[in-house]
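Colleague: I'm new to this one. Can you put it on screen and walk me through it?

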Amino acid sequence: MDKLDLHREQLRDSPFFTETKEAFKGEKFTHIRCLALGQPTASFQARYQLAYLLELADFLKVEPSNISHWDPVFDENDTELLVKQLGHRVDEVYDVPTGQVLYFMPHAELTMTNDILKQEQPRWLLANNIVHHTDRYTKQKLMDTYPLIAHIVHALESSAPNDKNEDKNASSDGFERVAPKRRNRKQFVPQPITYNFDEYHFNGARQTSFTHNQLKSAVWQNSFSDLSVLELTP
């Protein structure tokens, strides 16, 4: 507990946690569901992630008994810490109404994220930046493999600022740049993808990324390297 308390103090007044509080300002949650934490009694990263969760729960005024964890790697030491010392729960099956639940999924891999989105239909996730986490896939491959996640990425990209109307040949000196002519070449044109949100529990998405979560000088190192807030909107 001493290390956990120290980590909480380090996070509490950090610019990263200030960003976190701003991202959740005015939002109300009654429960937190934490998945893919790892072993806080054995892992440096997991202990910082747990400390962050505890600080966030205090800020959101979520009672300890309303914080539920599951990770198959937990051992008896982790359960002792989470349940007996912190007053949390360890539940493999979870059935709390998701509109009031914040899902904290630090570094959860895509298959798990997809399964949770499909089965439990959360509206708020504090997890990997889902655009960065899927950029190795083509649009079609993502749709074929994880169609629900593909719809989230599409919703995020559709709501992103668009600069297509800017004149990219204009320059700051007032002269117009003439683009060189290109030879006529056949270009591959991908087949259009149809996105249909009717079968999903959301129609839109908003994502908030942090700027102070992956500083090279941070004591938590890469514990929060790609953490973002994702809200799925009706």
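Modeller: A definition to begin: buried means under 20% relative accessible area, exposed means over 50%, and partly exposed lies in between (1.4 Å probe, protein chains only). Helices (H or I, at least four residues) and strands (E, at least two) are DSSP runs, numbered from the N terminus. This is a predicted model: local features need pLDDT of at least 70, side-chain atom pairs count only at pLDDT 80 or more, and totals for chains, interfaces and linings use all residues. Residues are numbered from 1 along each chain as its sequence is written, and side-chain values use heavy atoms, with hydrogens and water left out.

Colleague: Fine. Which residues of helix 5 are buried?

Modeller: Helix 5 covers residues 110-120. Its buried residues are Leu110, Thr113, Asn114, Ile116, Leu117 and Glu120.

Colleague: What follows helix 5?

Modeller: Gln121 does, and its phi is positive, near 50°.

Colleague: New topic. How many salt bridges are there?

Modeller: The count is 7. The rule asks for a side-chain nitrogen of Lys or Arg within 4 Å of a carboxyl oxygen of Asp or Glu.

Colleague: Which residue pairs with Arg12?

Modeller: Glu55 does, with the closest N and O atoms 2.9 Å apart. This pair links distant parts of the chain: Arg12 is in helix 1 (residues 2-12) and Glu55 in helix 3 (residues 44-60), 43 residues apart.

Colleague: Is Glu55 buried or exposed?

Modeller: Glu55 counts as buried because its relative accessibility is 6%. Arg12 is at 37%, so Arg12 counts as partly exposed.

Colleague: Which residues make up the network of salt bridges?

Modeller: Arg8, Arg12, Glu55 and Asp58 are linked in that network.

Colleague: What does Lys139 do?

Modeller: Lys139 forms a salt bridge with Glu157, at 2.6 Å from N to O. Lys139 is in helix 6 (residues 139-145) and Glu157 is in helix 7, so the bridge ties together parts 18 residues apart in sequence. Lys139 has a relative accessible area of 40%, so Lys139 is partly exposed. Glu157 is partly exposed too, at 38% relative accessibility.

Colleague: And which partner does Glu231 have?

Modeller: Arg206, with the closest N and O atoms 2.8 Å apart. Glu231 is in strand 7 and Arg206 in strand 6 (residues 204-209), so the pair ties together parts 25 residues apart in sequence. Glu231 counts as buried, at 16% relative accessibility.

Colleague: Now the holes. How many cavities of 30 Å³ or more are there?

Modeller: The structure holds 1. On a 1 Å grid over the protein atoms alone, a cavity is a set of points where a 1.4 Å probe fits but cannot get out; a pocket is an open set with protein on both sides within 12 Å along at least five of seven lines; lining residues have an atom within 4 Å of a point. Grid points are joined across faces, edges and corners, and a volume is the space filled by probe spheres set on the points. The largest cavity has a volume of about 80 Å³.

Colleague: What lines the largest cavity?

Modeller: The lining includes Leu110, Thr113, Leu125, His133 and Ser228. Helix 5, strand 5 and strand 7 each give two or more residues to this lining.

Colleague: What about the largest pocket: what is its volume?

Modeller: About 230 Å³. The pocket is lined by 12 residues, and Lys139, Gln140, Gln191, Ile193 and Tyr195 lie nearest its centre. Helix 7 supplies the largest share of that lining, 4 residues.

Colleague: And the second largest pocket, which element gives most to its lining?

Modeller: Helix 4, with 4 residues. About 160 Å³ of space lies in this second largest pocket. Met1, Arg47 and Glu80 are among its lining residues.
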